[in-house]
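User: Please take a close look at one strand of this model. I want its cover, its partners and its links to the core.

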Amino acid sequence: MTPKFFKRLTGTALALTLLLTGCAPAPEPVSRDLFAMGTFLSLSAYGGQAQPAVDRAADLVTQLDNQLSVTREGSEIWAVNEAQGAWTQVSQRTFDLIRDALELCRVTDGALDITTYPAVRAWGFTTDEHRVPSPEELAGLAARIDYTAVELDPATHSVRLPEGMMLDLGAVAKGWAGDQLSALMEEDGISSAMLYLGGNIQTVGAKPDGSNWKVGIQDPSGPEGASLAAVEVSDQAVVTSGGYQRFFEQDGQVYWHIMDPDTAAPARSGVLSATIVGGRGLTCDALSTALFVMGADRAARLWRDHPELEFEYVLVLEDGSLQISQGLEQGFKLLSPYQDRKVTVISHDERG
Ligand code: ADP
Ligand code: MG
């Protein structure tokens, strides 16, 4: 059974806004919409200092995009990828991000792999000239995906990749940017803000009235903007990865942009979307991609075995059912007309 897929751009942002503004009369936020990091962003903050804070945040995210873009000539990541096996010095900030991302590749046992880019490119996701590579080509690509081959030199904050390999922070950059932006907002005295970064939500504090933000989770098989469920959060990130976000169809098959690093092909794990809730945007973004690749059983094991990652999750599975980790039980709600969906709560005790 092939679910219906819909392209999403700003619809999710609109649905979220509805959820966020639906309840009480609240002060109006200062908002700024922009395109950066290959996607639509909407930055909203409350309070007297909101305008300069939002403007500074918009400048910062544009600057981060310039440093981290894999496709922009002259970006730091572009320079690493062009270095043909030589060491490349990057900014301390980018170095720290690569180091932390590699740690998340390790902890997810390579389900997240920031050297997946040659596969993403071979499938045409970078140019929209989509194609299905041959099995031989895929085997060759898979052999070149290996985050353990990335070398780091902390003394000079330099990075080295074997020739033929490429770095791509696409799976983690928006979540990490959310962390940087929320830190900047706090520095600017903002205690209430909601940052939408193309499918990622980063909240700063609670809503101005002190209540939690309600963030919608897109129905991966439904029309753009249709929220299947909502989670209540404050001071947290909510990040979703789904096959419905970027995909193409060929000969009745759907191929999406999240790859299984072992096969260099779109990951088919039985998960239609993975949503992560947690205090750190980088971790949430890394894990949303990783859990999509891992599937339900490996996801539950990762959550049980790594409490230090401090995350909760929601999986929407191919049969329409959901799995949520226990810590989310309180703040999670199915929305109409999805109330009859089966929801399994994953507990710490495997037998529970
Ligand atoms: P999105 O950026 O669409 O919100 P993700 O955070 O899941 O979704 O990131 C997907 C992007 O990460 C892809 O477009 C690709 O550039 C890259 N990517 C795809 N598969 C992987 C993977 N297994 N590990 C790391 N990066 C990946
Ligand atoms: Mg991600």
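Analyst: Buried means under 20% relative accessible area, exposed over 50%, and partly exposed in between (1.4 Å probe, protein chains only). Strands (E, at least two residues) and helices (H or I, at least four) are DSSP runs, numbered from the N terminus. This is a predicted model: local features need pLDDT of at least 70, side-chain atom pairs count only at pLDDT 80 or more, and totals for chains, interfaces and linings use all residues. Residues are numbered from 1 along each chain as its sequence is written, and side-chain values use heavy atoms, with hydrogens and water left out.

Take strand β6, residues 193-197. Five of its five residues are buried. A193, L195 and L197 lie on one side. M194 and Y196 lie on the other. In a regular strand the side chains alternate between the two faces of the sheet.

Now the partners. Two strands pair if DSSP finds at least two bridges between them. Strand β2 (residues 39-45) runs antiparallel to β6, with five bridges. Here S44 stands opposite M194. Five bridges also join β6 to β7 (residues 200-204), again antiparallel. In that pair A193 faces V204. β6 and β7 form a hairpin with two residues between them. G198, in the turn, has a positive phi of about 40°.

Next, the core. A nonpolar core is a set of buried Ala, Val, Leu, Ile, Met, Phe, Trp, Tyr and Cys residues joined through side-chain atoms within 4.5 Å. The largest has 81 residues, and M185 is among those with the most contacts inside it. Contact means heavy atoms within 4.5 Å. Beyond four places in sequence, M185 is in contact with residues including A193, L195 and V204. A second, separate core of 23 residues includes I201.

Technical notes
Chains are lettered from A and ligands numbered from 1 in the order in which they are written.
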